[in-house]
Amino acid sequence: MLNYDIVIVGGGPAGLAAAVAARDAGVDKILILERDKELGGILNQCIHNGFGLHTFKEELTGPEYAYRFIEKVLAADIEYKLNTMVMDISKDRVVTAMSKEDGMYQIKAGAVILAMGCRERPRGALNIPGYRPAGIFSAGTAQRLVNIEGYMPGREVVILGSGDIGLIMARRMTLEGAKVKVVAELMPYSGGLKRNIVQCLDDFGIPLKLSHTVVDIEGKEHLTAVTIAAVDNKGKPIPGTEERYTCDTLLLSCGLIPENELSRNAGVEMSPITSGPIVNESLETNIPGVFACGNVLHVHDLVDYVSEEALRAGQNAAKYVKGQLSEAKADIEIVATDGARYTVPSTINIGRMDDKLTVRFRVGAVYKDSYVSVYFDDERVMHNKKRIMAPGEMEQVILLKDKLAEKPGLKKITVKIENE
């Protein structure tokens, strides 16, 4: 059995940043396990710009952003294994992995960092009626075909879902000569960033139809047309609102799901809202020494936030293996309510937290001219006005250690949305 201080599952932006932070914190034996043939994760196929504005104060493409961290990993001589699948993680942090070169083997880890990223919600989870012809892709698969493999999925395109990948692929397919006829979104609001709606749809004259969904798919061998219809407030199609579009391609951009089969099998406690692990202020799960960060924890809108979170996970994993992280007693619970859907983290131990703690969350609907309020037990301590909040964009509040220390006996912090 191999022995490493820290094993990181996933060599995407989260895994790379966590590895660099752990090395900077003085940990020598670090191993990254990546199932793809190269480091960088999903960023390798994201050739559009817009990455790195927070982290590097400049605008980069996805591969450029990833390579900044890959260079740091190479410079620090951090070990990594490619084309390697992690099969299992035990509660005592024994990682079972497999590759063509090494066969199946086990690694005893001082700490494990989960950084597996997320996957797209497939057609089977969407209950779309109609035939099952060729020509239906997830937006991420189409992105890989166009940007890495050099194939064009089709020429006449309808997109279901307005997540960021779908919006970006509307622009990408248009630039490659396809005609994107419409983007349909089931919800009454977009699931993507406002800037992507403007830059990827409005700038190219592509219509976005909110509160619409696909109600029929035509074509037996290959897709020939789809029909969309408006939906009511329960998501049910409204008869008489159908619109038929001839097309050869349907792209699905209907949400991302954290890749957590390994976490679940290991016994990690999961959030029913994010589908990711429940973590404390150190990004540690309920299993001591197992940390989580990035899109495997909760789906982020900016990779800069993924890197920032992963740096914290790497630093805390380093503290854990050095014996510098005290026992994880959950002193204070963080509760999301009244419009706030969840928070990361979910609990805080004041003795273990840094001077400042960023608590990230998403809202469940569109709010205009509303307030993000934070309560310490029943006392309101924060009341910040926001012009607009939407589910597609993460929100955050900053908690200060010295302010928490002024409240001995504090049991609960509540994050909520208020109108006044």
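The side chain of Ser 263 makes a polar contact with the side chain of Asn 260, at 2.5 Å. A polar contact here is a pair of N or O atoms within 3.5 Å; within protein, one must be able to donate a hydrogen and the other to accept it, and residues adjacent in sequence count only if both atoms are side-chain atoms. This is a predicted model, in which local features need pLDDT of at least 70 and side-chain atom pairs count only at pLDDT 80 or more, while totals for chains, interfaces and linings use all residues. Residues are numbered from 1 along each chain as its sequence is written, and side-chain values use heavy atoms, with hydrogens and water left out.

Let us stay with Ser 263 for a moment. Ser 263 is part of helix H6, residues 261-266. Helices (H or I, at least four residues) and strands (E, at least two) are DSSP runs, numbered from the N terminus. Ser 263 counts as buried because its relative accessibility is 1%; buried means under 20% relative accessible area, exposed over 50%, and partly exposed in between (1.4 Å probe, protein chains only). Leaving aside residues up to four places away in sequence, Ser 263 touches Leu 114, Met 116, Val 268 and Met 270, where contact means heavy atoms within 4.5 Å.

Next comes an open sheet of five strands, in the order S10-S17-S11-S12-S13 and with parallel pairing. Strands S10 (136-138) and S13 (208-210) stand at the edges with a single partner strand each, so one side of each is left without a neighbour in the sheet. On average, neighbouring strands of this sheet are turned by 20 degrees against each other, direction ignored. Helix H3 (residues 139-149) packs on the sheet, touching S10 and S17, and its direction makes about 90 degrees with that of S10. Axes are lines fitted to C-alpha atoms, for helices over the stretch in contact, and angles run from 0 to 180 degrees between N-to-C directions.

| Strand | Partner | Bridges |
|---|---|---|
| S11 (residues 156-160) | S17 (residues 249-252) | four bridges |
| S1 (residues 2-9) | S8 (residues 103-114) | seven bridges |
| S1 | S2 (residues 30-33) | four bridges |

Ile 8 has Ile 113 as its bridge partner in S8 and Ile 32 in S2.

Finally, helices H4 (residues 164-175) and H5 (residues 194-201) pack at about 20 degrees, with axes 8 Å apart.

Technical notes: Two strands pair if DSSP finds at least two bridges between them.
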